[in-house]
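Hi,

Here is the structure I promised to pass on. Have a look at it first, and my notes on what turned up follow below.

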Amino acid sequence: MTLIIILVVVVLLVVWGISLYNNLVKLRNNRENAFANIDVQLKQRHDLIPQLVATVKGYAQHEKELLERVTQARAAAMSATGINDKIQAENALSSALAGLKVSVEAYPELKANQNFLQLQEEISDIENKIAATRRYFNTATRELNNAVQTFPSNIFANMFGFHKEPMFEIPQEDRATIEKAPEIKF
């Protein structure tokens with residue numbers, strides 16, 4: 001009788017351990033899927049940037065350094081491998097694009113150009129989609145991190161190589177630009 005009780009307890013512990021492990025795998029895969037959704041939006045963003053740069057170049061000849069920075073940041077973002085490298089490269093690209101937006105304010109003719117307005121609208125739409133997919137990615141990351149850090153699943157997480165993953169956050173240096181209220185001029 002004691003042997004049967006011990007066997008039942010061992011079987012229950014094994015089933016429980018398998019369940020915890022499978023949950024960790026599901027959470028990791030959900031996070032990777034969430035980043036794949038971000039990748040789709042980033043690809044569209046990368047495809048629009050050369051058009052935006054070419055349009056701005058026609059108006060802003062002396063902004064060459066800024067345009068090169070955007071182009072280099074795009075190239076770095078496209079060649080990044082791995083989720084963490086892509087997050088870092090995309091943050092650099094977002095920073096470069098923010099600088100371009102500020103620079104464009106000095107060109108009223110450019111802001112009235114139909115091609116530029118359409119590109120600006122498309123980029124704004126993609127940026128909104130990226131923001132939505134980032135939120136989903138960060139939710140998936142938070143769920144995985146919670147499972148990796150809370151007891152008792154943290155025991156299995158450490159045993160099987162699961163670890164806390166970084167969020168896709170806005171870099172500290174860009175927070176001031178984002179948090180600043182827009183300036184409205186008539």
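The mean pLDDT (the predictor's confidence in each residue, from 0 to 100) is 84 for the protein, and 85% of its residues reach 70 or more. This is a predicted model, so local features need pLDDT of at least 70 and side-chain atom pairs count only at pLDDT 80 or more, while totals for chains, interfaces and linings use all residues. Residues are numbered from 1 along each chain as its sequence is written, and side-chain values use heavy atoms, with hydrogens and water left out.

Confidence is highest in α6, at a mean of 91, and lowest in α7, at 58. Helices here are DSSP runs (H or I, at least four residues), numbered from the N terminus. Contact means heavy atoms within 4.5 Å. Where pLDDT is low, the predicted coordinates should not be read in detail.

**The cores**

A nonpolar core is a set of buried Ala, Val, Leu, Ile, Met, Phe, Trp, Tyr and Cys residues joined through side-chain atoms within 4.5 Å. As for burial, buried means under 20% relative accessible area, exposed over 50%, and partly exposed in between (1.4 Å probe, protein chains only).

The largest core has 30 residues, and Leu52, Val56, Val70, Leu97, Leu100 and Phe137 have the most contacts inside it. Helices α1, α2, α3 (83-104) and α5 (114-149) each supply at least two of its residues. The largest share, nine residues, comes from α1. There is also a second, separate core of 10 residues, with Leu20, Val25, Val148 and Phe156 among them. As background, nonpolar side chains tend to be buried together in soluble globular proteins.

Leaving aside neighbours within four places in sequence, Val70 touches Ile49, Val53, Leu93, Ala96, Leu97 and Leu100.

**Helix α2, face by face**

Which residues of α2 are buried? They are Leu66, Leu67, Val70, Ala73, Arg74 and Ala77. Seen down the axis of α2, these fall within an arc of 125 degrees (taken from the directions from the helix axis to the C-beta atoms), so they line one face of the helix. The face turned away from that buried side carries the exposed residues Lys64, Glu65, Gln72 and Ser79.

The length of α2 checks out too: its 16 residues (64-79) should span 22 Å at 1.5 Å a residue, and the end C-alpha atoms are 22 Å apart, which agrees. The expected span is 1.5 Å times one less than the number of residues.

Leu24 sits in helix α1 (residues 2-59) and is buried, with a relative accessible area of 0%. Apart from neighbours within four places in sequence, Leu24 is in contact with Leu144, Ala147, Val148, Ser153, Phe156, Ala157 and Phe162. Leu24 and Glu143 are 119 residues apart in sequence, yet 9.5 Å apart in space, C-alpha to C-alpha.

Further along, Gln41 is also in helix α1. Gln41 counts as buried because its relative accessibility is 13%. With neighbours within four places set aside, Gln41 is in contact with Ile126, Lys129, Ile130 and Thr133.

**Salt bridges**

How many salt bridges does the structure hold? There are six, each being a side-chain nitrogen of Lys or Arg within 4 Å of a carboxyl oxygen of Asp or Glu.

One of them pairs Glu165 with Arg31, with the closest N and O atoms 3.7 Å apart. That pair links distant parts of the chain: Glu165 is in the loop between α6 (153-159) and α7 (172-179), Arg31 is in helix α1, and they are 134 residues apart. Glu165 is buried at 17% relative accessible area, and Arg31 is buried at 4%.

Asp47 and Lys43 meet at 2.9 Å, N to O. Both lie in helix α1, four residues apart, about one turn of the helix. Asp47 is partly exposed at 36%, and Lys43 is partly exposed at 46%.

Lys129, the contact of Gln41, bridges to Asp125 at 3.3 Å between the closest N and O atoms. Both are in helix α5, four residues apart. Finally, Arg45, Glu90 and Glu127 are linked in a network of salt bridges.

Cheers
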